[in-house]
Amino acid sequence: MLLFLRFLLLAPLVTGCAPITKQVRVDDAMQAIEAQKQHEAALQVRMRDLERAHRVGDPILEKAASFCGDEVKPRLGFYAFNRHSFGEEMNEATSKLYGWSEPLQIGFLYPDSPLLLAGAKAGDVLLAFDDLNAPVGKTATNELGNKLDEHLAGRDKVVVRVLRGGQELALTAIPKKSCAYPIVVDFSNDVNAWADGSRIGIAKGMLRFTQDDTELALVIAHELAHNAMGHISKRRGNSFIGLILDTILATRGVNSGNIFSEIGAGAFSQEFEAEADYAGLYMAAASGFKIEEAQTFWRRMAAEQPASIRSGHGATHPSTPYRFTAMEKTVAEIRGKQAEGKPLKPDLKHD
C-alpha cells in the first residue's frame with residue numbers, strides 16, 4: 001500500500017512536466033571525439049594559466065628573497081610535466097598536444113631562470129640532476145619537487161642532463177635563492193588569492209580579473225608579503241589566545257560560542273592587509289614592475305565588489321578607497337627613495 005501511494009505521488013512528476021520536442025540522437029563516437037577536443041582545450045587553458053602565474057610570480061619570489069629571511073631555497077626555475085600530470089582524463093590530450101609520455105619534459109621556464117640561462121628549452125626530456133635520476137611515471141611530477149629541493153640544498157651548481165632531438169646534453173645551471181613559497185593555481189572562477197604560510201594561491205578568476213602582468217604582480221606580491229611577514233602564524237596565535245579564553249569559560253559552565261576565538265582570528269586583520277599592501281608594493285617595485293598606476297587596481301575591484309567601498313570595524317579588509325590612497329602614497333615613497341639612492345625597504349615603526 002505504501003509503495004502504491006508513493007507511485008501516485010511521483011507519477012505526476014514523471015509524466016506531467018516532460019519535454020515536448022523530440023530528442024536529438026547523437027552518435028556516441030562523435031561525442032567521444034568532441035569530448036577529446038574539449039579536454040585539449042581545457043588543457044591549453046590550464047597550461048596558459050600556469051605559465052602566466054609563474055612567469056609573473058617566480059621572478060618576484062627570486063627578487064624578493066631578501067624580504068623572506070630564512071624562508072628561502074635554491075631553485076632552477078622550470079616546470080616539468082608528463083602525460084599523468086593533469087589526471088587520467090587528460091592523458092590523451094597531453095600526449096597529443098605536447099608529446100608527453102612517461103618521462104618528465106620541461107613545459108616552461110620563467111624568464112631568466114637558471115636552467116633557461118643554462119640553455120634548457122621547453123620540450124627537453126629530463127634525465128638527471130648530477131647523480132639524481134629524474135623520476136618517471138604517474139607520481140613523477142610530485143616526486144621531482146621533493147627530491148630536487150633536497151638535492152639542491154647547499155649546492156652552488158648542478159649539471160642537468162636532458163634529451164633533445166635524440167641527443168643527450170649536459171647543462172650546468174647555477175641555482176638562485178628564492179622565497180620558499182611556491183605559487184599554486186586554483187582552477188576555480190573566484191576572484192581570489194590567498195596565502196597559508198607555506199604557499200601562495202591564485203584562483204583562475206583572479207588571473208582573468210587582472211588586466212595586465214603588473215596587476216597580477218601586485219596580487220602575488222601582496223600574498224607573498226603575508227607569508228614573509230608572518231601574518232598567518234600571527235593570526236593563528238591570536239586565535240589560540242581567544243581559544244584559551246573560550247576554554248576557561250567552558251570549564252565554568254559558560255558557552256561562549258567560540259566568540260573569543262573568532263575575535264582573536266580577526267584581530268589586526270585590516271592592519272595585516274594594509275601591511276601586505278605596503279610591503280607587497282615594495283616587493284613588486286624591487287622586481288622591476290611599473291607601479292605608477294598600481295592603485296587603479298582597487299578602483300576596478302570596487303566596481304567588481306561595491307561592498308568593499310564601505311569601511312567598518314567588522315570588516316576583515318580595509319576599504320578600497322583607503323587602499324587606493326594608501327597605495328598612491330606608497331608609490332610616491334618608493335620612487336622618492338629610488339631617486340635618492342636609498343635602499344628599497346619598507347619603513348618600520350621603530351625607524
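The structure, a predicted model, holds ten aromatic pairs, where rings of Phe, Tyr and Trp (its six-membered ring) pair if their centres lie within 6.5 Å. Phe81 and Trp100 form one of these pairs, a stacked one with 5.3 Å centre to centre and 20° between the planes; planes under 30 degrees apart count as stacked, over 60 as edge-to-face and the rest as tilted. In this model, local features need pLDDT of at least 70 and side-chain atom pairs count only at pLDDT 80 or more, whereas totals for chains, interfaces and linings use all residues. Residues are numbered from 1 along each chain as its sequence is written, and side-chain values use heavy atoms, with hydrogens and water left out.

**Aromatic rings**

- The Phe81–Trp100 pair links distant parts of the chain, 19 residues apart: Phe81 belongs to strand β2 (residues 78-81) and Trp100 to the loop between α3 and β3 (105-109). Helices (H or I, at least four residues) and strands (E, at least two) are DSSP runs, numbered from the N terminus.
- Phe81 counts as buried because its relative accessibility is 8%, and Trp100 is buried with a relative accessible area of 4%. Buried means under 20% relative accessible area, exposed over 50%, and partly exposed in between (1.4 Å probe, protein chains only).
- Tyr278 and Tyr282 form an edge-to-face pair, 5.3 Å centre to centre with 70° between the planes.
- Both tyrosines, Tyr278 and Tyr282, lie in helix α10 (residues 269-286), four residues apart, about one turn of the helix, and both are buried.
- A cluster linked by ring pairs contains Tyr79, Phe81, Phe86, Tyr98, Trp100 and Phe108.

**Charges over rings**

- Arg46 lies over the face of Phe187, at 4.4 Å from the ring centre, and Arg300 over the face of Phe209, at 4.3 Å. A charge sits over a ring if NZ of Lys or CZ of Arg is within 6 Å of the ring centre and within 35 degrees of the ring normal.

**Helix α3**

- In α3 (residues 91-98), the buried residues are Asn91, Ala93 and Thr94. They cover an arc of only 165° around the axis, so they lie on the same side of α3; the arc is that of the directions from the helix axis to the C-beta atoms.
- Exposed Glu92 and Lys96 are carried by the face of α3 turned away from its buried side.
- Helix α2 (28-63) is included in what covers the buried residues of α3.
- Gly99, with a positive phi near 70°, follows α3.

**The chain as a whole**

- The chain has twelve helices and eleven strands.
- Of its 351 residues, 40% are buried.

Note on methods:
Contact = heavy atoms within 4.5 Å.
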